[in-house]
Amino acid sequence: MTPLNSTFTYIATTQPKILDNGDVDVSVALVSNVRGSIQPISGNETIPAVAASRNTGTIKIYASERLTFRMDGGNGSCYVWWQGSLYELVDEMAYVNVLKHFKYIACLVPIAQIPECVKEVIQ
């Protein structure tokens, strides 16, 4: 048994594109299950400015694989579906330990701000 013995749903979205004919190619949600651990942020941990500015629930994520954080050099968004709530990844942090894993910070996405392509896969 390892600390990364549970799974969570990871959702990455593509950036909408404007096609040559002027139509908009909407975002697509890519879904996968990732082995890892999700924990609340403790009061003495540093929270990135982006997460703090959102003023919502903030969590830390330990993943067994590197997540495609901010796909394509900043286009699209990345989310974690956990305990009936959606969290957007806002920071990737270096984490050195005996176990090979990756650490992320994510903040709660208000229901009104959930992208349509993500709503389709979490419902």
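Which residues of β5 are buried on one side, and which on the other? On one side they are T58, K60 and Y62, and on the other I59, I61 and A63, which leaves both faces of the strand covered. The model described here is predicted.

## Overall architecture

The protein chain contains three helices and eight strands. Along the sequence these elements are arranged in the order β-β-β-β-α-β-α-β-β-β-α.

Of the 123 residues in the protein chain, 35% are buried.

## The barrel

Six strands form a closed barrel in the order β1-β4-β5-β8-β7-β6, and their pairing is antiparallel. On average, neighbouring strands of this sheet are turned by 45° against each other when direction is ignored. In general, the strands of a sheet are paired through backbone hydrogen bonds, in either a parallel or an antiparallel manner.

Strand β1, covering residues 6-13, pairs with strand β4, covering residues 29-40, in the antiparallel sense over eight bridges. Within this pairing, V31 in β4 is the residue opposite I11.

Strand β5 spans residues 58-63, and because six of its six residues are buried, the strand is largely enclosed by the rest of the structure. The general rule for a regular strand is that side chains alternate between the two faces of the sheet.

In the barrel order, β5 stands between β4 and β8. It is joined to β4 by five bridges, with the two strands running antiparallel; here Y62 of β5 is the bridge partner of S37. Six bridges join β5 to strand β8, residues 102-108, again in an antiparallel arrangement. In that pairing, I59 has A106 of β8 as its bridge partner.

## Cysteines

How many disulfides does the model contain? With a cut-off of 2.5 Å between cysteine sulfur atoms, the count is zero. In general terms, a disulfide is a covalent bond that links the sulfur atoms of two cysteines.

Are C107 and C117 buried or exposed? C107 has a relative accessible area of 0% and is therefore buried. C117, at 11%, is also buried, because the class takes in residues under 20% relative accessible area.

Methods: Residues numbered from 1 in each chain as written. Predicted model: local features only at pLDDT ≥ 70, side-chain atom pairs only at ≥ 80, totals over all residues. Heavy atoms only, no water. Pairing = 2+ DSSP bridges. Helix = DSSP H or I, 4+ residues; strand = E, 2+ residues; numbered from the N terminus. Axes fitted to C-alpha atoms, helices over the stretch in contact; angles between N-to-C directions. Buried < 20%, exposed > 50% of the residue type's maximum accessible area, 1.4 Å probe, protein only.
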